[in-house]
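This briefing walks through selected local features of the structure shown below, grouped by topic for reading alongside the coordinates.

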Amino acid sequence: MPDGPLDLESARILVTNDDGIHAPGLRALERIARSLSSDVWVVAPDTEQSATSHSLTLRRPLRLRKQGRRRYSVDGTPTDCVLVACHHVLADRPPDLVLSGVNHGGNLGEDVTYSGTVAAAMEAAILGVPAIAFSQMRKSDGSVDWKTAERFGPDIVRRLAQVKWPVDLLVNVNFPPLDPENVAGIRASRQGRREEGTTITEGVDPAGRPYLWIGNFMNDTSSDHDTDLAAIMEGAIAVTPLHLDLTHKTTLKRLEEVFQ
Ligand code: MN
């Protein structure tokens, strides 16, 4: 954490997600957060916001709805939720930690550039709050089980709370689609990269108008062994530190020579 270990018992934790306030994964993350601290707040989108990335609502008003004790929803994006939470709902005392998820489906490799789950953690990092995004890989039949996230989540947060984080860092955690007893450990990994595999399906709607439908179904294979993709393929939990500074340092050096 930025100034050394974070005392989780006295920490104020904000929980959010991109699957919406009614998502079962949000309930799982609330249970994880409540096992660590008694000061847990939820501000999550009214409706599903998956793949909305880091979008921010500026052209219309937002509605904040109280959903229960320390539980609110916002009719906006995950980024809107973090901003409303930190600058309005919790303005008296901002959170010490933001947890996002647990997402229904993995956020590996280039997924992080589309993910609303990861973007909520990015927004927290911009505000100077340590943040962890959690995602649960789907099983082959498309279903999701939250047992593994609930079994390992608290320990992962406790261990990350001991680490000194540089500013602008967030951590992306992915759980493999396995029962807790079959998980092959927790592995620090780097962001991987899949082969590009987008499909565009053409069709005709019931009114006779042509449509295009983007499908982004890529397999999670990776030839590298130190990536988030490889960790999940091998049945481990992937813990990937991400940084807001997207500058490519090697190219920067080259460009300094080119443009000197
Ligand atoms: Mn989602």
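A51 is found in the loop between β2 and β3, and in this predicted model it has a positive phi of about 65° although it is not a glycine. Because its relative accessibility is 59%, A51 counts as exposed. T57 lies in that loop between β2 (39–45) and β3 (64–68) as well, but its relative accessibility is 18%, so T57 counts as buried.

**Backbone geometry elsewhere**
- D168, which lies in the loop between α4 and β7 (169–175), also has a positive phi, of about 70°, although it is not a glycine.
- With a relative accessible area of 32%, D168 is partly exposed, because that value falls between the 20% limit for buried and the 50% limit for exposed.
- A cis peptide bond, with omega at about -10°, joins G101 and V102, and V102 has its place in strand β5.

**Surroundings of T57**
- The side chain of T57 makes a polar contact with the side chain of D80, at 2.5 Å.
- Leaving aside residues up to four places away in sequence, T57 touches L62, G76, T77 and D80.

**The manganese site**
- The manganese ion is coordinated by D18 (OD), D19 (OD), S50 (OG) and N103 (OD1), at 2.1 to 2.2 Å, and the spacing of these donor residues in sequence is D-D-x30-S-x52-N.

**Salt bridges**
- Side chains of opposite charge can pair when their charged atoms come close, and a search of the whole structure finds 22 salt bridges.
- The side chains of D39 and R12 meet in one of them, at 3.0 Å from N to O, and this pair links strand β2, which holds D39, with strand β1, which holds R12, across 27 residues.
- D39 and R12 are both buried, and these two residues are also part of a network of salt bridges that links R12, D39, R70, D92, R93 and D96.
- E150 forms a salt bridge with R31, with the closest N and O atoms 2.7 Å apart; the pair links E150 in helix α4 with R31 in helix α1, 119 residues apart.
- E150 is partly exposed, with a relative accessible area of 28%, and R31 counts as partly exposed at 45% relative accessibility.
- The side chains of R187 and E234 meet in a salt bridge at 3.0 Å, N to O, which links R187 in strand β8 (residues 186–188) with E234 in the loop between α5 (228–233) and β11 (237–243), 47 residues apart.
- R187 is partly exposed, with a relative accessible area of 25%, and E234 likewise counts as partly exposed at 37% relative accessibility.

**Buried helix face and surface patch**
- In α1, the residues G25, L26, A28, L29, E30, I32 and A33 are buried, and what covers the buried residues of this helix includes β1, β2, β4 (71–74), β5, β6 (131–136) and α4 (147–161).
- On the surface, I200, L212 and I214 form a nonpolar patch that together has about 340 Å² of accessible area, and I200 has its place in strand β9 (residues 199–204).

Key. Residues are numbered from 1 along each chain as its sequence is written. This is a predicted model: local features need pLDDT of at least 70, side-chain atom pairs count only at pLDDT 80 or more; totals for chains, interfaces and linings use all residues. Side-chain values use heavy atoms; hydrogens and water are left out. Helices (H or I, at least four residues) and strands (E, at least two) are DSSP runs, numbered from the N terminus. Buried means under 20% relative accessible area, exposed over 50%, partly exposed in between (1.4 Å probe, protein chains only). A polar contact is a pair of N or O atoms within 3.5 Å; within protein, one must be able to donate a hydrogen and the other to accept it, and residues adjacent in sequence count only if both atoms are side-chain atoms. Contact means heavy atoms within 4.5 Å. Donors are N, O and S atoms within 2.8 Å of the metal (3.2 Å for Na, K and Ca); water is not among the atoms, so sites may look incomplete. Patches are made of residues with over 30% relative accessible area and no salt bridge: like charges are joined within 9 Å, nonpolar side chains (Val, Leu, Ile, Met, Phe, Trp, Tyr) within 5 Å. Accessible areas come from the Shrake-Rupley method with a 1.4 Å probe; for residues, only the protein chains shown count as cover. A salt bridge is a side-chain nitrogen of Lys or Arg within 4 Å of a carboxyl oxygen of Asp or Glu.
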